[in-house]
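The sequence and the model come first, and the text follows.

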Amino acid sequence: MIDEKEEFQETYGKLLSLRLLTGVTEGKAGAFEQELLAGLKQTCGAYFVSNFERMFNDINEVVVNNITVLTGATWNIRGKLLPGHPLL
């Protein structure tokens with residue numbers, strides 16, 4: 001069970017990174033992500049979703065000269081996010 005939870009957390013984090021960086025989480029999609037995170041927080045605890053929430057904060061709050069500043073330890077996006085999809 002723990003392995004599955006950790007695998008989900010890693011996979012969801014990578015895919016969330018991709019969605020956030022490409023702007024897919026704007027509008028209704030973003031509201032859905034927030035609802036999903038709220039459910040995960042209730043089920044798995046605040047620590048489990050803390051990095052995901054920080055990722056949303058990075059995207060929504062910190063933009064300087066059209067450059068988005070990301071918290072390094074939060075974003076698990078070394079190399080490529082998905083095969084064939086270059087990191088932005």
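## Surface and burial

About 6,100 Å² of the protein is accessible surface, and carbon and sulfur atoms account for 56% of that area. Accessible areas come from the Shrake-Rupley method with a 1.4 Å probe; for residues, only the protein chains shown count as cover.

Of the 88 residues in the protein, 25% are buried. Buried means under 20% relative accessible area, exposed over 50%, and partly exposed in between (1.4 Å probe, protein chains only).

## Model and confidence

This is a predicted model, in which local features need pLDDT of at least 70 and side-chain atom pairs count only at pLDDT 80 or more, while totals for chains, interfaces and linings use all residues. Residues are numbered from 1 along each chain as its sequence is written, and side-chain values use heavy atoms, leaving out hydrogens and water.

The mean pLDDT (the predictor's confidence in each residue, from 0 to 100) is 76 for the protein, with 65% of its residues at 70 or more. Confidence is highest in helix α2 (residues 28-44), at a mean of 90, and lowest in strand β1 (residues 63-64), at 54.

## Elements and contacts

Three helices and two strands make up the elements of the protein, in the order α-α-α-β-β from the N terminus. Helices (H or I, at least four residues) and strands (E, at least two) are DSSP runs, numbered from the N terminus.

Taking contacts (heavy atoms within 4.5 Å) between residues at least 6 apart in sequence, 50% join residues at least 24 apart.

## Ser17

Ser17 belongs to helix α1 (residues 2-21). Ser17 has a relative accessible area of 1%, so this residue counts as buried. A polar atom of the Ser17 side chain lies 2.8 Å from the backbone oxygen of Gly13.

How values were computed:
Polar contact = N/O pair within 3.5 Å; in protein donor to acceptor, adjacent residues only side chain to side chain.
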